[in-house]
Amino acid sequence: MGVNKLKKNIISGKEGHNIGVSTGLPNLDGVLYGIQRRYLYTIGADTSGGKTSFALDVFVYNLLRNAEKNNTDINILYYSFEMAEEVLYAKLLSRYIWDEFNEIITFEDILSLTSPISDKELETVNKSMSWLEKIEKQITIYDKPIPPLKIYGTLKGWLSRFGDFVPINEHVEHYKEHDSSAYKIALIDHVG
């Protein structure tokens, strides 16, 4: 059984299907082989250590941008237990503005948290909004804390959009993907 899976995997790799989507960080790609399907990645650090920023940059922003270049289907379920949905989108928008316009407009600027956004900055934000509206179709965000069983239920419901759960016995199901080449990324930000 295992040897046949290996043979299929070798053929799949020869056809280019095993190449992960770039994280945007070449040294990290060298270790992780890009973001791979069916892998579990865990990020740990002290409070305010940059875990959310790292995850948002690598597992959301860069993944979506690099997948777009390679015509790879990516869908993301993001459980954000510390940040509101609009803050996450403002952070993604800030990163996009830097890449596209080489301008620094922080999420604080976008949300006018310390002073009203300038007309020039607002013009750049508005020019970038179409990208954000496009990727919004690929991201589902839960920004309120929910208990573990609800995480399981929402994750299963979300995955049902991309495949079917086939009962094996009373307590076991098998997930059958509609498109095994599509990426389905689930992020849980802040496990408390």
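Which ring does the charged end of K91 sit over? The ring belongs to F107, and its centre is 4.5 Å from that charged end. Here, a charge sits over a ring if NZ of Lys or CZ of Arg is within 6 Å of the ring centre and within 35 degrees of the ring normal.

## Ground rules

This is a predicted model, where local features need pLDDT of at least 70 and side-chain atom pairs count only at pLDDT 80 or more, while totals for chains, interfaces and linings use all residues. Residues are numbered from 1 along each chain as its sequence is written, and side-chain values use heavy atoms, with hydrogens and water left out.

## The overall layout

The chain has 7 helices and 5 strands. Helices (H or I, at least four residues) and strands (E, at least two) are DSSP runs, numbered from the N terminus.

The C-alpha trace spans about 60 × 40 × 35 Å along its principal axes. Of the 192 residues in the chain, 33% are buried. Buried means under 20% relative accessible area, exposed over 50%, and partly exposed in between, with a 1.4 Å probe and protein chains only.

Helix α1 takes in residues 2–14, which is 13 residues. From first C-alpha to last, α1 reaches 18 Å, close to the 18 Å expected at 1.5 Å a residue. That expected span is 1.5 Å times one less than the number of residues.

The number of buried residues among the 13 in α1 is 0, so this helix lies largely in the open. After α1 comes G16, with a positive phi near 90°.

Rings of Phe, Tyr and Trp (its six-membered ring) pair if their centres lie within 6.5 Å; planes under 30 degrees apart count as stacked, over 60 as edge-to-face and the rest as tilted. One of the pairs is Y39 with Y41, which is stacked, at 6.0 Å centre to centre and 25° between the planes.

Y41 also pairs with F59, this time tilted, with 5.4 Å between centres and 50° between planes. This second pair links distant parts of the chain: Y41 is in the loop between α2 (26–32) and α3 (51–70), while F59 is in helix α3, 18 residues apart. Y39, Y41 and F59 form one aromatic cluster. How accessible are the two partners? Y41 has 23% relative accessibility, so it counts as partly exposed; F59 has 6%, so it counts as buried.

Back to charges over rings: K156 lies over the face of F165, 5.1 Å from the ring centre.

## The cavity

A search of the whole structure turns up 1 cavity of 30 Å³ or more. On a 1 Å grid over the protein atoms alone, a cavity is a set of points where a 1.4 Å probe fits but cannot get out, and lining residues have an atom within 4 Å of a point. The largest cavity has a volume of about 30 Å³, a volume being the space filled by probe spheres set on the points, which are joined across faces, edges and corners.

Which residues line the largest cavity? They are L56, V60, I76, Y78, L88, L92, I139 and I141. Helix α3, β1 (74–80), α4 (85–101) and β2 (139–142) each supply at least two residues of this lining. By type, the lining has 8 nonpolar residues, no polar and no charged. Ala, Val, Leu, Ile, Met, Phe, Trp, Tyr, Cys and Pro count as nonpolar, Asp, Glu, Lys and Arg as charged, and the others, Gly among them, as polar.

L88, from helix α4, is at 1% relative accessibility and therefore counts as buried. Its C-alpha is 28 Å from that of E177, which is 89 residues away along the chain.

## Loop residues to look at

Two residues have a positive phi without being glycine. Y33 has phi near 65° and lies in the loop between α2 and α3; with a relative accessible area of 58%, Y33 is exposed. S112 has a phi of about 50° and is found in the loop between α5 (107–110) and α6 (119–136). At 32% relative accessibility, S112 counts as partly exposed.

D73 is in the loop between α3 and β1, and at 38% relative accessibility D73 counts as partly exposed. D73 and H190 are 117 residues apart in sequence and 26 Å apart in space, C-alpha to C-alpha.

Terms used
1 Å grid on protein atoms, 1.4 Å probe; cavity = no way out; pocket = protein on both sides within 12 Å on 5 of 7 lines; lining within 4 Å.
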